[in-house]
Amino acid sequence: MNKQLNLILAEGLMHSGVRHFSAAELLELGASHGVKTADGFGLNTLPPRELLPNLVKVALLADAVRDAYGKPLIVVSAYRSPAYNRALSGAASRSFHLRAMALDIAPANNDVRGLHAAAGPFWGAGGQKRGVGGQDWGGGGQSYGIGYYRWGIHVDIGPMRQWGKARS
Ligand SMILES: [Zn+2]
């Protein structure tokens, strides 16, 4: 853990009012990075400092989802280095994780259905009325993407879009 990077991120989170995610959690290197037998073993790095503002913005989005869900969430994947992203099967080649604009989050209690249900109303018809749309992620944009997966959800501050199927 890079202490200085952690402090800079922690300060950004505090100033932006992120309540549920710590700098240490958002500097998660990903499961495959730490598993010897995984393709991505040892390939991830901490995010370049200039990408930390993106990480703060996507943390604000995750914070809103966390508020709606009401239970602890675990950051499974955050920033990905190019080499790490390439090594992951199923990762988009131009993933928003490469720019620290995406987070994969999973429910601590494995209640994936509950998380999908809580996240769903933010998107789709009228989603922006739910409050999260009031956030400006920067660049004047208020858009976000969500992907539903068996393990949880992917959220990013890219263009407005949705994929996967919510478990219900
Ligand atoms: Zn993702």
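**Exercise 1. Determine which residues of helix 1 meet which residues of helix 4, and describe how the two helices pack.**

Step 1. In this predicted model, Ile8, Leu9, Gly12, Leu13 and Ser16 of helix 1 meet Leu52, Pro53, Leu55, Val56, Ala59 and Leu60 of helix 4, where a contact requires C-beta atoms, placed from the backbone, to lie within 7 Å. Helices (H or I, at least four residues) and strands (E, at least two) are DSSP runs numbered from the N terminus. Residues are numbered from 1 along each chain as its sequence is written. Because the model is predicted, local features need pLDDT of at least 70 and side-chain atom pairs count only at pLDDT 80 or more, whereas totals for chains, interfaces and linings use all residues.

Step 2. The axes of helix 1 and helix 4 are 10 Å apart, and the helices pack at an angle of about 40°, which makes helix 1 oblique to helix 4. Axes are lines fitted to C-alpha atoms, for helices over the stretch in contact, and angles run from 0 to 180 degrees between N-to-C directions; angles under 35 degrees count as roughly parallel, over 145 as roughly antiparallel, 65 to 115 as roughly perpendicular and the rest as oblique.

**Exercise 2. Decide whether Val56 is buried or exposed, and find what it touches.**

Step 1. Val56 lies in helix 4 and counts as buried, because it has 24 C-beta neighbours inside 10 Å; a residue is buried if 20 or more other C-beta atoms lie within 10 Å of its own, exposed if 12 or fewer, and partly exposed in between.

Step 2. Leaving out residues up to four places away in sequence, Val56 touches Gly12, Leu13, Ser16 and Val18. The C-alpha atoms of Val56 and Leu9 are separated by 7.4 Å, although these residues are 47 apart along the chain.

**Exercise 3. Identify the element that supplies the largest share of the largest nonpolar core.**

Step 1. The largest nonpolar core has 35 residues, and Leu26, Leu55, Val58, Ala59, Ala62 and Val155 have the most contacts inside it; such a core is a set of buried Ala, Val, Leu, Ile, Met, Phe, Trp, Tyr and Cys residues joined through C-beta atoms within 7 Å.

Step 2. The elements that each supply at least two residues of this core include helix 1 (3-16), strand 1 (73-77) and strand 4 (153-156), but the largest share, 10 residues, comes from helix 4.

Step 3. Apart from neighbours within four places in sequence, Leu55 is in contact with Leu9, Leu26, Pro47, Ala78, Tyr79 and Ala100.

**Exercise 4. Work out how helix 4 and helix 6 are oriented to each other.**

Step 1. Their axes come within 9 Å and cross at roughly 115°, and helix 4 and helix 6 are therefore roughly perpendicular to each other.

Step 2. The contact joins Val65, Ala68 and Tyr69 of helix 4 to Gly114, Leu115, Ala118 and Ala119 of helix 6.
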